[in-house]
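Hi everyone, thanks for having me. Let me put the picture up, and then we'll walk through a few parts of it together.

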Amino acid sequence: MRHEIEGTGLPQAQLLWRKVPLDERIIFSGNLFQYQEDNKKWRNRFSLVPHNYGLVLYENKVAYERQVPPRAIINSAGYKVLTSLDQYLELVGNSLPGTTSKSGGTPIFKCPTQFPLILWHPFARHYYFCMMTEAEQDKWQAVLQDCVRHCNNGIPEDSKVEGPAFTDAIRMYRQAKELYGTWEMLCGNEVQILSNLVMEELGPELKAELAPRLKGKLQERQRQWIQISDSVYRMVYERVKVPFEETLSKLQWARPAMEATIRTDMDQIITSKEHLASKIRAFILPKAEVCVRNHVQPYIPSILEALMVPTSQGFTEVRDVFFKEVTDMNLNVINEGGIDKLGEYMEKLSQLAYHPLKMQGCYDKMEPLRLDGLQQRFDVPSTFVFKQRAQILMREQMDNAVYTFETLLHQELGKGPTREGLCKSIQRILERVLKKYDYDSSTVRKRFFREALLQITIPFLLRKLAPTCKSELPRFQELIFEDFSRFLLVENTYEEVVLQTVMKDILQAVKEAAVQRKHNLYRDSVVLHNSDPNLHLLAESAPIDWGGEDGDRGDGSGGSPSPGVPEVAALSEKRRRAKQVVSVVQDEEAELPFEAGSPATPDSVTEIRGLLSQDLRAESAPPASPLLNGAPAQESPQPEAAPETPSPPSSPSWRLPPVKAVDLEPPKPSDQETGEQVSSPSGRPPIHTTTEDSAGVQTEF
């Protein structure tokens with residue numbers, strides 16, 4: 001509220017951001033083989049990833065088209081995507097005390113191909129998949145990593161109060177137990193994070209108590225432990241969920257009264273806080289400055305350089321991919337479809353930031369990030385947190401660039417340009433957007449560098465200062481007026497003072513780095529305030545529907561339902577015509593080897609290999625000459641249906657195959673991390689089950 005009143009904030013972004021998300025799109029779909037732990041057999045599943053990034057597994061493609069409830073919906077928050085059995089054996093071997101991981105040892109399951117894909121979680125159940133080729137493995141790996149990346153970012157970015165308050169509370173709770181620094185399991189929604197926190201403490205006790213009682217061979221004991229851990233994790237989730245929701249509800253109910261009090265007493269609260277901060281600063285400043293000078297300051301340039309190189313390469317790759325896609329589209333307009341096909345081209349371009357394969361090259365630039373030597377000094381367990389944050393920012397900037405380009409092009413189309421004029425306009429708009437991207441990219445990266453440096457150095461300083469400073473903090477409580485005790489906390493103010501002691505050095509290091517041309521950063525003196533006001537006015541207009549009936553004219557105007565056509569029928573037709581960002585489904589007429597109606601289920605690895613080979617031949621037909629800016633695989637053939645009904649102008653342009661006129665969106669992954677049932681479309685109550693052979697539906701995590 002202080003920032004709101006005083007008008008402080010970040011520099012204004014030059015690119016627009018999409019206020020209405022691209023819902024009802026399918027990120028990826030295809031068939032993959034899943035290992036069934038109950039009967040130790042492999043089954044072919046039709047799998048898709050909807051816009052909310054929950055991996056949905058159906059019995060087969062026919063079940064999906066008939067709107068049969070899915071077999072499972074996997075919320076991948078907290079998971080790691082593994083492509084090697086040796087990696088998996090090492091992680092599983094470390095999960096039980098008294099066991100050692102051996103490379104090449106006997107795994108929990110036998111993979112019939114050389115291309116496994118495993119979702120591993122430290123507490124929840126694991127999922128085992130396999131593919132026939134390395135190319136398919138790479139595709140699904142990119143897709144699943146995108147799912148993990150999105151689900152890990154479970155606390156909404158626009159949560160300005162509840163989100164930061166929650167993460168601060170988690171951090172301070174762990175610091176009270178001498179656990180400083182970044183935490184890899186701070187991922188998912190709030191209830192998932194709280195469950196991870198409980199399991200972090202409960203896990204070692206459970207292992208010590210139960211591990212000696214497990215019987216059988218090593219693989220059997222590991223399997224038993226995974227099942228026990230998953231059951232406890234689900235139970236913890238359910239026990240945590242209700243009290244958290246009750247607490248959040250109480251806080252939201254009390255918020256208006258708190259805001260009214262703060263607005264009334266803002267000046268007094270600020271004065272009281274500054275007085276408190278000055279007293280704490282006088283107490284800790286001498287100690288903190290010595291600590292910063294001797295243990296932090298000399299290493300800031302090294303940390304910053306390690307962060308800047310891969311991050312800048314990733315954002316440069318985002319720029320290059322965007323440039324290539326728009327240029328290819330422009331060539332298609334000139335050489336092939338002309339203006340009549342522009343709507344189709346733009347619909348594909350609008351989904352570029354959500355294309356896991358095209359974006360993977362950008363994300364891969366962050367993989368070399370290392371803080372060799374510095375990780376041990378500052379007790380940073382992993383660089384995973386920084387890699388994932390940079391990758392999320394890359395996707396956001398890509399989508400902002402695409403949306404800005406869409407908006408400007410849509411405005412240009414209102415002038416009715418010729419084909420040649422349109423191509424020149426596209427090139428001019430591209431150059432304009434790239435300039436805006438360069439500025440925003442610089443701003444976003446500099447903010448990321450500052451935040452990463454603080455995440456690395458502040459926990460280190462707090463741990464160093466704790467023995468001499470932490471015990472003295474309670475005496476500063478008397479400096480806070482009782483009326484303001486809810487708004488001013490001594491420990492928060494103490495951390496702010498510690499932050500200020502190192503912030504000057506961090507800002508100076510980032511400022512000096514901006515001078516170096518190799519990182520493509522703008523200097524701090526270059527500030528663009530509202531440089532393009534007309535563009536931001538365009539952002540207030542209605543969302544653009546490139547896929548409407550008239551969208552292929554390029555004007556973005558969709559049709560409207562014919563008189564007398566029921567609304568439900570129109571919505572069902574809208575689902576039928578859904579577009580996918582990218583799909584690996586090539587031949588839907590091929591029989592799936594493990595469908596429910598199969599005469600026999602293979603038991604041996606040899607039989608499975610033979611059936612997998614048949615499936616590969618059926619599904620690996622080459623795509624039909626995709627456009628330069630199109631998806632790398634052709635879209636699935638759609639079943640015959642009634643003539644298309646024009647869709648309303650404001651309706652999204654991504655629609656699903658024909659189904660009953662209910663449940664118009666793809667299944668959403670539950671926010672729960674444990675055992676919520678997925679209700680069937682017909683409204684029948686779900687049948688609670690834990691096996692894949694029954695008729696019920698178990699939401700799996």
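This is a predicted model: local features need pLDDT of at least 70, side-chain atom pairs count only at pLDDT 80 or more; totals for chains, interfaces and linings use all residues.

Now slide along to Phe-33. Which residue of β2 is its bridge partner? That's Asn-44.

What does β2 pair with besides β1? There's β3, residues 55–58, which runs antiparallel to β2 and is joined to it by 3 bridges. If you want one spot to look at, Leu-48 sits opposite Val-56 in β3. Here we get a hairpin again, with 4 residues between β2 and β3. Tyr-53 is in this turn, and its phi is positive too, at about 65°.

Okay, zoom out a bit. How many strands does the open sheet have? It has 7, with antiparallel pairing, and the order reads β4-β3-β2-β1-β7-β6-β5. At the edges you find β4 (72–74) and β5 (80–82); each has a single partner strand, so one side of each is left without a neighbour in the sheet. Going from one strand to the next, the twist averages 35°.

Now for a couple of helices. Start with α7, residues 218–264: it has 47 residues and reaches 65 Å from its first C-alpha to its last, close to the 69 Å expected at 1.5 Å a residue. Where does α7 bend? At Arg-255, by about 40°, and a proline, Pro-256, follows within four residues.

Then there's α13, which covers residues 384–413. With 30 residues, α13 reaches 44 Å from first C-alpha to last, close to the expected 44 Å. Is α13 largely enclosed or largely open? Well, 24 of its 30 residues are buried, so α13 is largely enclosed by the rest of the structure.

That's my tour, so over to you for questions.

Definitions and conventions
Residues are numbered from 1 along each chain as its sequence is written. Side-chain values use heavy atoms; hydrogens and water are left out. Two strands pair if DSSP finds at least two bridges between them. Helices (H or I, at least four residues) and strands (E, at least two) are DSSP runs, numbered from the N terminus. The expected span of a helix is 1.5 Å times one less than its number of residues. Buried means under 20% relative accessible area, exposed over 50%, partly exposed in between (1.4 Å probe, protein chains only). Axes are lines fitted to C-alpha atoms, for helices over the stretch in contact, and angles run from 0 to 180 degrees between N-to-C directions. The bend at a residue is the angle between axes fitted to the seven residues ending there and the seven starting there.
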